[in-house]
Amino acid sequence: MNAIKESRVVWIMILAYFIFFGVFTSLRHYNFQTQAWDMAIFSQTLWNTIHGKIMFNSLEEVKGPYNHLAIHMRPFMFLLAPGYALFPSPYFLLIIQTLALALGAWPIYLLAKKILPPGSQPLILTAGYLLYPSLHWVNTFDFHEIAFFIPLFLAALYFLEIKKWGWMGLFLTLAASTKEDASLIVLFVGIYLLIKKSNSLIWFTKERKIGLAIILLSTFYFLLSTEVIMPALGGGLLRLDRYAALGNNSSEIIGNLIRHPSLLAQTILTGNKIEYLFWVFLPVAFLPFFSWQSLILLIPGILENTLTGFQPQFDGLYQYDAVIIGGIFIGTIYGLKRILIRFPNKKILAGRILIGAIILGFLVRSPINPLFFPAAIFKSNPQ
């Protein structure tokens, strides 16, 4: 298949995903299956913003402050406000979120096309992303700002690979703006650049200088958000109660993990969290584990979801996997590259194994799998 035909297939897949999930999520909202927490929070916050009450809502007042940025630092929401002003409806949020997630397939295809040897693997990986169960749960479970992190992060890593540093910086900045903790994942992109293999004999290369700048700027942004802006608005980093088993505050949690390394294993290596990690990596045939450098990108997201005692974060059924999906597919591409380099005659076998893993993951874990399809969203109900 030539490049033009292949790219058309990719865009057909993207369009099919967008149409299906656009209809699916809209019907779900139409039949009263969305939640006040968080669908109504985002909708009301943007409604108030376009009417002069910047980032305010009444729903989060039960937690103290009701300026949304006091609870979660999400300046990316300002970019959605003009669209919401034109289409002031929750359906706008559901549709724009679906469009963003669908478009995440394009940088995956471009990166796979650049990294992998000629063959069908880029198309397989693109389909794997669009069929990935965690992506479906992020898309299905109402609207969340962190969903936009996925395509922005993937685009940034593509531009990193082709050394378009300005575009990489723009997309990393946008990715960090989706939520205060997203900046920690961006920070690890800086670490990734520091350790990424370079052909230069000079250690302090341009890539590593950029990596160091990313680390410093991400740290500054995170501290500015959580220690200055959010407290000034009456809030702060409020979700540490989910990590209470490790300590009462961030410094105590970090100190306990450093002094007691076994605590890390004891917290993560439980039955339900191992099961969670199994289902996260199965649909990509565990390929990220063949690229240790790419695993760096997964550290903050995996720790965030497995160190907590809050079960929805490691159920894989909500929006929380948005912080790892991009890293998983970056790792999958580089892991597959390493496999194909080591076993060049096993390209067809590798493709079949990946296809099998994609299909199995979809059938077992996706909320739209044909075996247990939620047909109720197409039917009227008492509400």
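**Aromatic rings in a predicted model**

Tyr17, Phe20, Phe21, Phe24 and Phe373 make up one aromatic cluster. The model is predicted, so that local features need pLDDT of at least 70 and side-chain atom pairs count only at pLDDT 80 or more, while totals for chains, interfaces and linings use all residues. Residues are numbered from 1 along each chain as its sequence is written, and side-chain values use heavy atoms, with hydrogens and water left out.

Student: Why is the pair of phenylalanine 87 and phenylalanine 92 called stacked?
Tutor: Their centres are 6.5 Å apart and their planes stand at 20°, so the pair is stacked.

Student: Why does phenylalanine 92 count as buried?
Tutor: Buried means under 20% relative accessible area, exposed over 50%, and partly exposed in between (1.4 Å probe, protein chains only). Phenylalanine 92 has 16% relative accessibility and therefore counts as buried, whereas phenylalanine 87, at 54%, counts as exposed.

Student: Why is the pair of phenylalanine 310 and tyrosine 320 called edge-to-face?
Tutor: The ring centres are 6.1 Å apart and the planes at 85°, so the pair is edge-to-face. Phenylalanine 310 is partly exposed at 28%, and tyrosine 320 is buried at 18%.

Student: What sits over the ring of phenylalanine 310?
Tutor: The charged end of arginine 242 does, 3.7 Å from the ring centre; the definition asks for NZ of Lys or CZ of Arg within 6 Å of the ring centre and within 35 degrees of the ring normal.

Terms used. Phe/Tyr/Trp six-rings, centres within 6.5 Å; stacked < 30°, edge-to-face > 60°.
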